Structures are given as structure tokens and as C-alpha cells.
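Welcome! Here is a friendly walk through a protein model, taken one part at a time. Keep the picture in view as you read.

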Amino acid sequence: MIKPIKIFWITDPHLNFLKPGESTLYANSIAQNALPGDFVIITGDIAEGPSITGFMRHWKSILNQRSVKLYFVLGNHDIYFKHNNEVH
């Protein structure tokens, strides 16, 4: 039997504009609705350069607790104020 999976697709969330703690609530709400093997894809404009690494590490730690994988594609805002190589 093939096990169904859910794909959570989020585009242009601009997490750096959320109030403190709201990013955690957002990630937790997805994690609570996900099952092991599901995954999250975030496409573009996740946050601005200086903050993106922190957001992605934090989201990964929350999702890993439920064995949910995180994938993302950077957008133009994700490299604002930081060198492209540093963000990658």
C-alpha cells in the first residue's frame, strides 16, 4: 500500500515582518498538521538576508521533531543586505 504524504507549500512568507514569536507559531501549526514523511516547501522571499539562516534553522528544528523535511528556494529578498554566497 502506498502511504500518502502531504506537501505544505508556502510562498513569499517574509518571516522577518512577523512579530516576535509568530514565526514559531506558524512553524508549529504546520508541524502539528504534518505526519512523518510529509514535507514543507518554501519558495522565495522567506526573509531578508541577515535573518534567513536563523529562521530556516529554527523551522528545521521544529519540523524535525515530527520527521517532516524542509526544502526551500531563495527569492530576491532573501539576499537583500547580505552577500549571495553567505546566504547560500
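## The sheet

Strands E2 and E3 run parallel and are joined by five bridges. One of the residue pairs to look for here is Thr-43 with its bridge partner in E3, Val-73. Please keep in mind that this is a predicted model.

On to E1, which runs parallel to E2, with five bridges joining the two. Across this pairing, Ile-10 stands opposite Ile-42 in E2. Taken together, the three strands form an open sheet in the order E1-E2-E3, with parallel pairing. E1 and E3 stand at the edges with a single partner strand each, so one side of each has no neighbour in the sheet. From one strand to the next, the twist averages 15 degrees.

## Two faces of E1

Which residues of E1 are on its covered face, and which on the uncovered one? Phe-8 and Ile-10 make up the covered face, while Ile-7, Trp-9 and Thr-11 belong to the uncovered face.

## Helix H2

Now look at H2, a helix of 16 residues. From its first C-alpha to its last it reaches 23 Å, close to the 22 Å expected at 1.5 Å a residue. The buried residues in H2 are Gly-49, Ile-52, Phe-55, Met-56, Trp-59, Ile-62 and Leu-63. Because they cover an arc of only 130 degrees around the axis, they lie on the same side of H2. Turned away from that buried side is a face that carries the exposed residues Pro-50 and Arg-57.

What does H2 pack on? H2 packs on the sheet and touches E1, E2 and E3, and its direction makes about 155 degrees with that of E3.

## The nonpolar core

The largest nonpolar core holds 19 residues. Those that touch the most other members are Ile-30, Val-40, Ile-42, Met-56, Trp-59, Leu-63 and Leu-70. Strand E1, helix H1, strand E2 and helix H2 are the elements that give two or more residues to this core. The largest share, six residues, comes from H2. In soluble globular proteins, nonpolar side chains tend to be buried together.

Leaving aside residues up to four places away in sequence, Val-40 touches Phe-8, Ile-10, Ile-30, Leu-63, Val-68, Lys-69, Leu-70 and Tyr-71.

Asp-12 is found in the loop between E1 and H1, and Asp-45 in the loop between E2 and H2. Most residues other than glycine have a negative phi. For Asp-12, however, phi is positive, near 50 degrees, and Asp-45 has a positive phi of about 50 degrees. Are these residues buried or exposed, or something in between? Asp-12 is partly exposed, with a relative accessible area of 37%, whereas Asp-45 counts as buried at 9% relative accessibility.

Finally, find Asp-78 in the loop between strand E3 and helix H3. Why does Asp-78 count as buried? Its relative accessible area is 0%, and buried means under 20%, so Asp-78 is buried. Asp-78 and Ser-51 are 27 residues apart in sequence, and their C-alpha atoms are 8.6 Å apart in space.

Technical notes. Residues numbered from 1 in each chain as written. Predicted model: local features only at pLDDT ≥ 70, side-chain atom pairs only at ≥ 80, totals over all residues. Heavy atoms only, no water. Helix = DSSP H or I, 4+ residues; strand = E, 2+ residues; numbered from the N terminus. Buried < 20%, exposed > 50% of the residue type's maximum accessible area, 1.4 Å probe, protein only. Core = buried A, V, L, I, M, F, W, Y, C linked by side-chain atoms within 4.5 Å. Contact = heavy atoms within 4.5 Å. Expected span 1.5 Å × (residues − 1). Arc of directions from axis to C-beta. Pairing = 2+ DSSP bridges. Axes fitted to C-alpha atoms, helices over the stretch in contact; angles between N-to-C directions.
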